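User: I'm new to this one and would like to go through it with you. Could you walk me through it?

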Amino acid sequence: MISLYKLIHSLVDRFPVTVVVITLFIGHSVSLAEPLQFSAGGFFKLNVLSGGISAGGNLNGDSELWIPDIPVDDGADADFSHLNSHARESRLWLRAVQDTPLGRLEALVEGDLDADRIDNSHDPRLRHAYIVLGRLLVGQTYTTFTNTSALADLNSGIAVGNVVTRHRQLRWQQPMTATASISVALEEPLNRLHFAGEAAITGTGDRRPPDLVVKIDRTGNRGNISLSALVREISTTGPTAPSLQTDSAIGTAVSLAGRIATGSLDNLRFMFNHGNALARYSTLSTYADATVTPAGEIELATLSSAMIAWQHFWEPRWRSTFAFSYSRADPHGTSNRELTRDSRSAHANLIWTPGRRLSVGIEFLHGWRSLLNGADGELQRLQLTTRINF
Amino acid sequence: MPGHCLNRYLYCLLMSCLVAGCAGDTAPLEPDHNADDTNSGSISLHAVMSEQLALENARLHVLLFDLHRTETVLARERGALVARIAEAARRLQRGAAVITASSASLALAPVEVDRFNALALTLASRADTLADRAEAGTLGPEQLEAGLAAIDATCNSCHALYRDPGNQRR
């Protein structure tokens with residue numbers, strides 16, 4: 001582990017040179033003589049939500065499942081009187097493809113309107129911007145640590161136990177057999193720290209070695225499965241850290257995820273995640289990676305999360321997903337007792353796809369969380385979604 | 001690393017081995033490539049292949065509504081499915097040739113034999129067209145649906161005329 005850590009440090013010291021070399025390498029591979037194929041696409045997605053309002057009536061929490069905004073101890077029964085609607089999840093992507101002597105070159109830029117909401121204006125947000133050349137990927141996309149085919153098919157977004165985050169990375173994917181491959185990635189090192197005595201969680205900068213991810217995946221006729229390992233350095237050396245003292249700790253995490261066919265189209269999707277470097281990668285960043293004690297020491301938070309979802313096709317044009325997920329963090333004892341400790345979500349939906357371009361669905365969502373002080377609260381929502389692909 | 005964490009890691013590793021076995025190739029959904037293509041009897045292999053084509057088409061449609069994967073990843077998966085469609089269409093084409101060869105063993109009037117063979121040739125031709133387009137990478141959703149509908153129409157025409165209703169699968 002120590003030699004691995006030294007290797008990461010070595011790569012980071014030379015990171016600007018590495019990026020320049022890779023950029024030149026990719027630039028050199030683009031042949032001006034060959035045609036570059038451009039395509040564009042996306043979808044329009046309108047959500048109409050009926051259910052309880054978020055804690056404080058937060059516009060973002062009212063639009064999507066946002067764990068810290070689940071109201072706690074509000075004494076309210078299930079309430080479906082609050083109505084909200086938005087189209088902020090609508091997406092647009094641009095894609096360019098070219099065959100080169102070094103392999104297929106693919107570039108993708110994708111954005112949506114899902115940035116923080118202030119009123120009915122929705123700021124655009126970059127979701128993906130990356131280049132793939134053969135087995136090399138450079139840019140921003142889903143973390144290598146996750147298995148995106150294991151994410152549940154939910155109109156309301158993602159379940160609490162999922163691993164899903166997008167950030168900059170450098171990834172190499174190497175086939176091992178015809179059905180298995182290994183991926184190694186260096187990814188953006190952002191921290192989420194909780195300073196004891198403060199109410200909020202603070203995001204810190206990236207003056208650290210990149211996160212290291214190794215993933216082995218296997219695909220067969222019955223589905224796929226992946227096992228990922230993550231190594232991160234969590235530290236207080238970021239520029240926004242209020243503590244004068246600096247400290248750091250190495251954390252690790254593992255994730256087992258996959259999608260297994262249970263019928264011709266039916267499938268079971270699952271994710272089991274555990275580790276003391278998992279917090280920023282799972283549960284929609286609800287938890288802090290570590291607590292900084294009054295003495296300025298880093299205490300990593302162990303997090304366990306899981307998601308299981310069954311997708312069933314009543315017939316090819318009618319499908320449902322039933323999903324349950326759970327997440328629990330065990331932060332240091334000096335943490336603010338009003339931070340979230342456990343969270344879970346349950347989802348059931350019915351989606352109709354009358355044509356290749358259109359889907360209409362209804363989903364019931366139940367969210368729940370409890371705090372370190374023992375208080376808890378829940379949220380129910382019905383969500384009607386219309387999506388048109390273009 | 002605390003001992004209980006190590007135990008959980010080992011448990012995850014054990015689970016991965018267990019599920020990896022389940023995700024393997026031990027029970028393929030597709031018909032065996034080496035399966036005997038000569039059976040055009042009660043449950044014909046060519047009908048199974050046609051169903052396989054329809055299934056891959058349904059999977060292709062499901063991909064269109066995947067929220068979480070990027071367009072680049074989805075394009076690769078669509079490419080893999082189209083390759084499987086081409087493979088299934090080629091097997092269907094070979095199966096149609098076997099049907100023609102088996103017509104002599106059926107108790108059919110000469111005029112019915114001609115009609116039977118004509119339908120088998122139509123099936124082979126339509127499977128060939130679908131496979132050609134899939135292999136060339138020019139198979140858009142519209143062409144795929146049209147190709148599958150044409151194959152289905154041929155299958156249904158033949159089954160309606162010559163298959164024992166008690167043995168119908170489609």
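Predicted model: local features only at pLDDT ≥ 70, side-chain atom pairs only at ≥ 80, totals over all residues.

User: How many residues does the largest nonpolar core have?

Analyst: Met271(A), Ala290(A), Ala301(A) and Met307(A) have the most contacts inside that core. Take Ala301(A): leaving aside neighbours within four places in sequence, its contacts include Tyr287(A), Ala290(A) and Pro331(A). The residue count of this largest core is 58.

User: Another core lies apart from that one; how many residues are in it?

Analyst: Its members include Met49(B), Leu53(B), Leu92(B) and Ile99(B). The count for this core is 21.

User: What is the order of elements in chain B, from the N terminus on?

Analyst: Chain B has 5 helices and 0 strands. From the N terminus on, that reads α-α-α-α-α.

User: Are α3(B) and α4(B) roughly parallel or antiparallel?

Analyst: Their axes come within 8 Å and cross at roughly 160°. Angles over 145 degrees count as roughly antiparallel, so α3(B) relative to α4(B) is roughly antiparallel.

User: How many residues in the contact of α3(B) with α4(B) are nonpolar?

Analyst: On the α3(B) side you'll find, among others, Val82(B), Ile85(B) and Leu92(B), and these helix residues meet a set in α4(B) that includes Leu121(B), Ala124(B) and Leu130(B). Besides 3 polar and 3 charged residues, the nonpolar count is 16.

Note on methods: Residues numbered from 1 in each chain as written. Chains lettered and ligands numbered in written order. Helix = DSSP H or I, 4+ residues; strand = E, 2+ residues; numbered from the N terminus. Core = buried A, V, L, I, M, F, W, Y, C linked by C-beta atoms within 7 Å. Buried ≥ 20, exposed ≤ 12 C-beta atoms within 10 Å, placed from the backbone. Contact = placed C-beta atoms within 7 Å. Axes fitted to C-alpha atoms, helices over the stretch in contact; angles between N-to-C directions. Parallel < 35°, antiparallel > 145°, perpendicular 65-115°, else oblique. Nonpolar A, V, L, I, M, F, W, Y, C, P; charged D, E, K, R; others polar.
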